Amino acid sequence: MEYEVTVREQSSYQCEECDKGFYSKASVRYHSYEHSNAWPYQCKQCGRGFGTKYLLKRHMAKHSDERPHRCDICQLRFKFKNVLSTHMIIHDEQNPFRCGQCNKSCVSKSDLEIHMIKHSDLRPHKCDVCHSTFKYKKCLIAHMNIHDQQNPFICETCNKIFYSKSNLKLHMTVHSEERPFECNICNATFKRKFNLKCHEKEHVEDGD
């Protein structure tokens with residue numbers, strides 16, 4: 001899988017307390033609240049502080065039993081609109097083929113058949129070299145690179161060897177100070193997009 005890394009300019013704003021770098025004045029200001037604990041907006045129920053009125057409003061839903069966003073199909077209610085949007089995928093008529101084990105919906109019968117392998121012990125794709133078996137053909141193709149050492153990809157910093165350019169590219173973030181993926185809620189930054197996605201789920205779960 002290719003991981004696209006966006007090159008950003010070197011951070012030009014620094015926190016006077018800890019010298020942490022940021023890419024905007026707003027990010028520095030938000031970060032400064034962590035040192036002073038002088039958040040401009042504070043929850044009266046749990047004392048948690050927020051940098052904007054919008055974030056406080058979203059957080060307050062956590063303390064409420066109100067679920068204003070309703071699914072018009074099954075009548076389930078949700079606190080947040082984005083959670084309702086995620087739920088609506090279940091009812092998407094464009095994905096009529098549904099797995100009987102996990103309720104995942106697929107756009108075609110062939111996609112459903114491929115998905116069902118996940119729930120089985122079948123490993124139909126076999127390596128002719130070492131006889132390892134795999135559930136999916138794409139996993140076998142990726143595995144075959146291990147046996148082809150004619151053109152390995154080597155990290156020039158630590159000499160670690162990789163058998164695909166994409167894996168080497170992903171590895172290089174370890175040696176870089178770049179954190180190109182930024183949370184648009186709290187301005188936290190991450191080296192990898194996957195880590196940002198995991199972080200954003202925490203905001204949804206906490207109701208931030």
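Visitor: Where does UniProt place the feature "domain: C2H2-type"?

Guide: The unreviewed UniProt entry places it at residues 13-40, 41-68, 69-96, 97-124, 125-152, 153-180 and 181-208. Such annotations may be inferred rather than shown by experiment. The model is predicted, local features need pLDDT of at least 70, side-chain atom pairs count only at pLDDT 80 or more, and totals for chains, interfaces and linings use all residues. Residues are numbered from 1 along each chain as its sequence is written, and side-chain values use heavy atoms, without hydrogens and water.

Visitor: Why is Cys 71 called buried?

Guide: Buried means under 20% relative accessible area, exposed over 50%, and partly exposed in between, with a 1.4 Å probe and protein chains only. Cys 71 has 0%, so it is buried.

Visitor: What makes Cys 139 partly exposed?

Guide: Its relative accessibility is 33%.

Visitor: How many disulfides does a search of the whole structure find?

Guide: The search finds 0. A disulfide here is a pair of cysteine sulfur atoms within 2.5 Å.

Visitor: What makes a set of residues a nonpolar core?

Guide: The residues must be buried Ala, Val, Leu, Ile, Met, Phe, Trp, Tyr or Cys, joined through side-chain atoms within 4.5 Å. The largest such core has 12 residues, including Tyr 30, Trp 39, Phe 50 and Phe 190. It draws at least three residues from each of domain 1 (13-63) and domain 4 (179-207), with bounds from an automatic or database domain assignment.

Visitor: How much of the chain is buried?

Guide: Buried residues make up 25% of its 208 residues.
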